[in-house]
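Here is a short briefing on one protein chain. Look at the sequence and the model, then read the points by topic.

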Amino acid sequence: MKSTRILHTGALALSLLAGSVMAAVSEQEAAQLGVSLTPLGAQMAGNADGSIPAWTGGLPADAAKVDAKGFLADPFADEQPLFTIDASNAEQYRDKLSAGQLAMLKRYPDSYRLPVYRTHRTAAVPEAIYAAAKRSALNTVPVDGGNGLQNFADSRYYAFPIPKSGVEVVWNHITRYRGGNVRRLITQATPQTNGSYSLVKFEDEVAFPADMPDLDPAKAGNILLYFKQRVTAPRAWPATCCWSTRPSTRSRSRAWRGSTTPASAACAAPRRSPTTAPVPPPTACARRTTSTCSPAPRTATTGS
C-alpha cells in the first residue's frame, strides 16, 4: 500500500491533542458514511426539536439562478425571519448568544438586532470528494504522535471522516475540501470605535496538487497545497509563498518572502538550510523574477 506522511507546522499543538494514536476504521464503521452519517461524517439526522433538520444532500445545483458572472442568487431570498433578537428580549436568548453579541445589544439597543432564520444544511461537495473521504476512513492513520499521516496520498481529503480524537478533528480541518484552485482579491477593514478605518488589500492564490495537471506527481509528494499572498495596499509588501515539504521528521511547511513586482510573480527556490533540503518550487510558483527571496519566519507559514 502506498504510504506517505504529511507533516504540519503545528506539531506541538497536535502532539498535545493526540491522547492516543488510532487506526483506520473498520469496513463496518466506514459503511455508515452516506447512510447514518453524511459522506463526510456528520450526523445525518436532525435534532429532537427540529431546529436542526436532517441532511438530505445539501444545496442542489439548481437551487437558484446563476448570473452572467457565475454567481448564484440567494436561494432563500423569500424567507422571513422566524423571530428577531434585540435589546428588549436578549435575556430570553442569553444562553444562545456570545459575549460579543450581548455587548453589542447593550451598546446599541436601538439599532443592533439579530434576525433568526430557519436552519438549512446546505453543505455539499463533489462526489469525488465523498469517495476520497471514504478511502481516507479505511486507510489513513496518524503517525508520529499525531503530527503526520500515513496512507493518505491516494485520497488527500478529510483524513478522518469518523474521528476518534481531537487531533483527528484538527486534521479534518487541515485536509478539508476548499473548492479547488482559486485566485482571490481581498479587502479588509478593521473599524475603530469612532468609525474610522484603513483598507488593507491582498491578492491570494491557492493551488492543490490534485488540481494541477502540469505538476509532476513525484514532485508533489506529500504536499497539501501551495499558497501565495501579496499585500497591495495601503502599500505593497513582499509576496509570501508557502508549501509543505517531503516526508521527513525534520520537515515542516515552508514559507519564503520576497519583493515581487507583478502580481503573478512568485518566489524562486529557497536557500539551503543546515537541517532541511530545499524544495523545488511548484509549477504555479515557478516563474522567475528579478526579486530575491529569503526564508520567512515560521509564524508566516500555513499548512491549512
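The chain has six helices and 10 strands. Helices (H or I, at least four residues) and strands (E, at least two) are DSSP runs, numbered from the N terminus. This is a predicted model: local features need pLDDT of at least 70, side-chain atom pairs count only at pLDDT 80 or more, and totals for chains, interfaces and linings use all residues. Residues are numbered from 1 along each chain as its sequence is written, and side-chain values use heavy atoms, with hydrogens and water left out.

**Burial and surface**
- Of the 304 residues, 35% count as buried. Buried means under 20% relative accessible area, exposed over 50%, and partly exposed in between (1.4 Å probe, protein chains only).

**Contacts and core**
- Take contacts between residues at least 6 apart in sequence: 55% of them join residues at least 24 apart. Contact means heavy atoms within 4.5 Å.
- The largest nonpolar core has 14 residues. Such a core is a set of buried Ala, Val, Leu, Ile, Met, Phe, Trp, Tyr and Cys residues joined through side-chain atoms within 4.5 Å.
- I129, Y157, Y158, V206, F208, L225 and F227 touch the most other members of this core. Helix α4 gives the most to the core, with four residues.
- V206 touches N181, V182, L225, Y226 and F227, leaving aside residues up to four places away in sequence.

**Aromatic pairs**
- Rings of Phe, Tyr and Trp (its six-membered ring) pair if their centres lie within 6.5 Å; planes under 30 degrees apart count as stacked, over 60 as edge-to-face and the rest as tilted. The count comes to three aromatic pairs by this rule.
- One of them joins W55 and Y130: the centres are 6.5 Å apart and the planes are at 85°, so the pair is edge-to-face. W55 sits in the loop between α2 (27-30) and β1 (83-85), and Y130 in helix α4 (residues 127-139), 75 residues apart.
- W55 is buried at 13% relative accessible area. Y130 is also buried, at 11%.
- Y157 and Y177 have ring centres 5.8 Å apart and planes at 70°, so this pair is edge-to-face. Y157 lies in the loop between β4 (148-150) and α5 (166-174), Y177 in the loop between α5 and β5 (182-189), 20 residues apart.
- Y157 is buried, at 10%, whereas Y177 is partly exposed, at 23%.
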